[in-house]
Amino acid sequence: METSEMETTSSSSSNSKEDIKEELKKKTTQTKKKEALGWMEWLRGWFYVVYEMLFQRITASHLHNPMPLPPVNDLTIIVTGSTSGIGREIARQLAEAGAHVVMAVRNTKAAQELIQKWQTEWSGLGLPLNIEVMELDLLSLDSVVRFAEAWNSRSGPLHVLINNAGIFSIGEPQKFSKDGYEEHMQVNHLGPALLSILLLPSLVRGSPSRIVNVNSVMHYVGFVDTEDMNVVSGKRKFSSLLGYTSSKLAQVMFSSVLFRRLPAEAGVSVLCVSPGIVHTNVARDLPKIVQAAYHLIPYFIFSPQEGSRSTLFAATDPQVPEYCELLKSDDWPVCAFISHDCRPTNPSEEAHSIETSHKVWEKTLELIGLPPDAVERLIEGEDVECKYGANH
């Protein structure tokens, strides 16, 4: 009897140890940190990039150029990075369609000169363009806060925020902003993220309203390491391609969490768009051989006017808010993503990682100096202190 009890106890103890080992093994597997895209993910990402470049003109052949716009006379729209490339086209076309356009730019003189040129060309075709300039430097988070405070103090509505500004400095050494962040990450993600959150009070006043982030098909080959957003740990060798793709992926992930956190009654939609492969000033930073290829294959590459169509569609089409709400009601893990052909599409497989997206959200709020409950408080009309800006 005693021997049997001892054998049972021994067997139970052995099973218990095996269970513990198995549980530890599972936890180790679950918590093992992903350090890069897998080969299949990487190849699939590049397939999307190449496919878009080769076939974008065919898949978007149903679109008119320029894009016809619905009535926008009652809309107030902020467009960042609107002195060149697709940003300039977006601002001009929206203004000519009757919207009140705010060019949020670093070079205010260049913007003023553009407005004078547009007003002259538009003279006699209708009412003068309702367009103004405000200074915004995304390489300075202090500047972002100052801009948001100046705009919110007007107490007027904002209907659309178009985060278009971005950089892709191919071949350049790694550079950091005066805030201490890698430049691609700050201009393409951190600055727009801070601007989007701080302008929520005005967007709520203008609801139904939208935040439209001009993203890129290049996010398909991006990977975000939330513990090394500046790419300084040495685990990954920095390149401008790495900086650009990871910042664009971070923007999709952040946008997805932001949209899910916004209550339906706020009436603010959040979406990302791909303009396609566009011939813009980015080409200035490309290697000579790649610049030559740009000029050799103009058929495949969009002009800035063609590249502006998906953003204009996302900013003005009346069915976009309904589509965004449908995704939210289905608990879809990512925000709406509009392709270069103005059709909804799926972001990258990596963008669907809810766990990583929440890590990107938390890390981003930490970097831009906002508390974890900033969105909820701003929606409720409360003041939120940011570590950047006049008080900093």
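## The largest cavity

The largest cavity in this predicted model has a volume of about 60 Å³. A cavity is defined on a 1 Å grid over the protein atoms alone, as a set of points where a 1.4 Å probe fits but cannot get out. Grid points are joined across faces, edges and corners, and a volume is the space filled by probe spheres set on the points. A search of the whole structure finds one cavity of 30 Å³ or more.

The lining of the largest cavity consists of N163, H189, P192, A193, S196, N213, Q251, F254, S255 and L258; lining residues have an atom within 4 Å of a point. Helices α6 (183-198) and α8 (240-261) each supply at least two residues of this lining. Helices (H or I, at least four residues) and strands (E, at least two) are DSSP runs, numbered from the N terminus. By class, the lining of the largest cavity holds four nonpolar, six polar and no charged residues. In this division Ala, Val, Leu, Ile, Met, Phe, Trp, Tyr, Cys and Pro count as nonpolar, Asp, Glu, Lys and Arg as charged, and the others, Gly among them, as polar.

## Basis of the model

This is a predicted model, in which local features need pLDDT of at least 70 and side-chain atom pairs count only at pLDDT 80 or more, while totals for chains, interfaces and linings use all residues. Residues are numbered from 1 along each chain as its sequence is written, and side-chain values use heavy atoms, with hydrogens and water left out.

T245 is buried, with a relative accessible area of 4%; buried means under 20% relative accessible area, exposed over 50%, and partly exposed in between (1.4 Å probe, protein chains only). The side chain of T245 reaches the backbone oxygen of L241 at 2.9 Å.

## The second largest pocket

A pocket is an open set of grid points with protein on both sides within 12 Å along at least five of seven lines. The second largest pocket holds about 400 Å³ of space. Two or more residues of its lining come from each of α5 (141-152), α7 (200-205) and α14 (374-379). Helix α5 gives the largest share, four residues.

In total, 18 residues line the second largest pocket, and N152, L198, L378, D383 and V384 lie nearest its centre. The lining of this pocket comprises ten nonpolar, three polar and five charged residues.

## Strand β2 and its neighbours

Strand β2 (residues 100-105) pairs in the parallel sense with strand β3 (residues 131-135) over five bridges; two strands pair if DSSP finds at least two bridges between them. Within this pairing, V101 has I131 of β3 as its bridge partner, and V102 stands opposite E132 in β3. Strand β1 (residues 76-80) is also joined to β2 by five bridges, and these two strands run parallel. Here the bridge partner of V79 is M103 in β2.

Strand β2 is mostly covered, with six of its six residues buried. H100, V102 and A104 point one way from the strand, whereas V101, M103 and V105 point the other way.

## Backbone features in the loops

Two cis peptide bonds can be described. One joins N65 and P66, with omega about 5°; P66 lies in the loop between α2 (39-59) and β1. Another runs from S207 to P208, with omega near 5°, and P208 is found in the loop between α7 and β5 (209-214).

Positive phi values also occur in residues other than glycine. In S155, which lies in the loop between α5 and β4 (160-163), phi is near 65°. S155 is exposed, with a relative accessible area of 54%. In V231, which lies in the loop between β5 and α8, phi is near 55°. V231 counts as buried, at 5% relative accessibility.

Terms used. Polar contact = N/O pair within 3.5 Å; in protein donor to acceptor, adjacent residues only side chain to side chain.
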